[in-house]
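Dear colleague,

A summary of the findings follows it.

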Amino acid sequence: MNRIAQFFKVSKTEFLKDGNESQYDSILLPVRATSGSAGYDFFANSDFTVNPNETVKIATGVRVKIDEGWVLKIYPRSSLGFKYRLTLNNTVGIIDSDYYFAENEGHIFIKMTNLSNTPLTVEKGKAFAQGVFVPFGITLDDDATALRTGGFGSTDKK
């Protein structure tokens with residue numbers, strides 16, 4: 001099995017831009033539930049509720065250092081997608097290997113919408129999303145040389 005990444009907490013200073021101080025010590029780094037699991041569970045830093053047709057943005061407090069040639073894909077936890085039609089607002093979150101070096105320290109945010117008719121409450125410390133590492137390729141004529149400077153959504157800004 002390839003070991004190609006490692007999770008870290010963002011600095012407290014960075015987290016406090018979008019989270020609150022009491023949540024920082026509650027940040028749990030993503031882990032796999034079993035040795036056969038592909039996904040790394042992301043955990044809630046505090047209780048939260050997503051009402052029907054409501055959207056929430058979660059500051060995870062997590063960043064990930066990934067080897068070049070790999071990407072982390074983020075999805076809702078399977079059971080929550082099935083029971084609550086919980087979706088990510090960008091369908092699948094893509095965390096590039098160079099995001100770790102972004103101005104926001106590569107802080108991973110997860111924005112979700114509950115498309116069911118039932119409120120979803122996630123308790124502090126419970127898994128709500130999962131990330132899967134996947135290798136990727138590039139085209140033979142790829143000539144990308146730019147380096148990331150910004151955070152989320154910055155790669156299309158020149």
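Is Phe 42 buried or exposed? With a relative accessible area of 1%, Phe 42 is buried. Please note that the model is a predicted one.

The sheet may be described next. Four strands make up an open sheet, ordered β2-β11-β6-β8, with antiparallel pairing. Its edge strands, β2 (40–43) and β8 (93–96), each pair on one side only. From one strand to the next, the twist averages 30°. Within the sheet, β6 (residues 70–76) and β11 (residues 127–135) are joined in the antiparallel sense over seven bridges, and Lys 73 stands opposite Val 132 in β11.

Ala 129 also lies in strand β11. Its relative accessibility is 0%, so Ala 129 counts as buried. Beyond its neighbours within four places in sequence, Ala 129 is in contact with several residues, among them Tyr 40, Phe 42, Ile 74 and Ile 110.

As to the aromatic residues, the structure holds eight aromatic pairs. The ring centres of Phe 7 and Phe 42 are 6.0 Å apart and the planes stand at 90°, so this pair is edge-to-face. It links distant parts of the chain, as Phe 7 is in strand β1 (residues 5–9) and Phe 42 in strand β2, 35 residues apart. Phe 7 counts as buried at 10% relative accessibility. Ring pairs also link Phe 7, Tyr 40, Phe 42 and Phe 133 into a cluster.

Finally, two charged side chains sit over rings: Lys 57 lies over the face of Phe 109, at 4.8 Å from the ring centre, and the charged end of Arg 63 is over the ring of Tyr 100, 3.7 Å from its centre.

Yours sincerely

How values were computed. Residues are numbered from 1 along each chain as its sequence is written. This is a predicted model: local features need pLDDT of at least 70, side-chain atom pairs count only at pLDDT 80 or more; totals for chains, interfaces and linings use all residues. Side-chain values use heavy atoms; hydrogens and water are left out. Two strands pair if DSSP finds at least two bridges between them. Helices (H or I, at least four residues) and strands (E, at least two) are DSSP runs, numbered from the N terminus. Axes are lines fitted to C-alpha atoms, for helices over the stretch in contact, and angles run from 0 to 180 degrees between N-to-C directions. Buried means under 20% relative accessible area, exposed over 50%, partly exposed in between (1.4 Å probe, protein chains only). Contact means heavy atoms within 4.5 Å. Rings of Phe, Tyr and Trp (its six-membered ring) pair if their centres lie within 6.5 Å; planes under 30 degrees apart count as stacked, over 60 as edge-to-face and the rest as tilted. A charge sits over a ring if NZ of Lys or CZ of Arg is within 6 Å of the ring centre and within 35 degrees of the ring normal.
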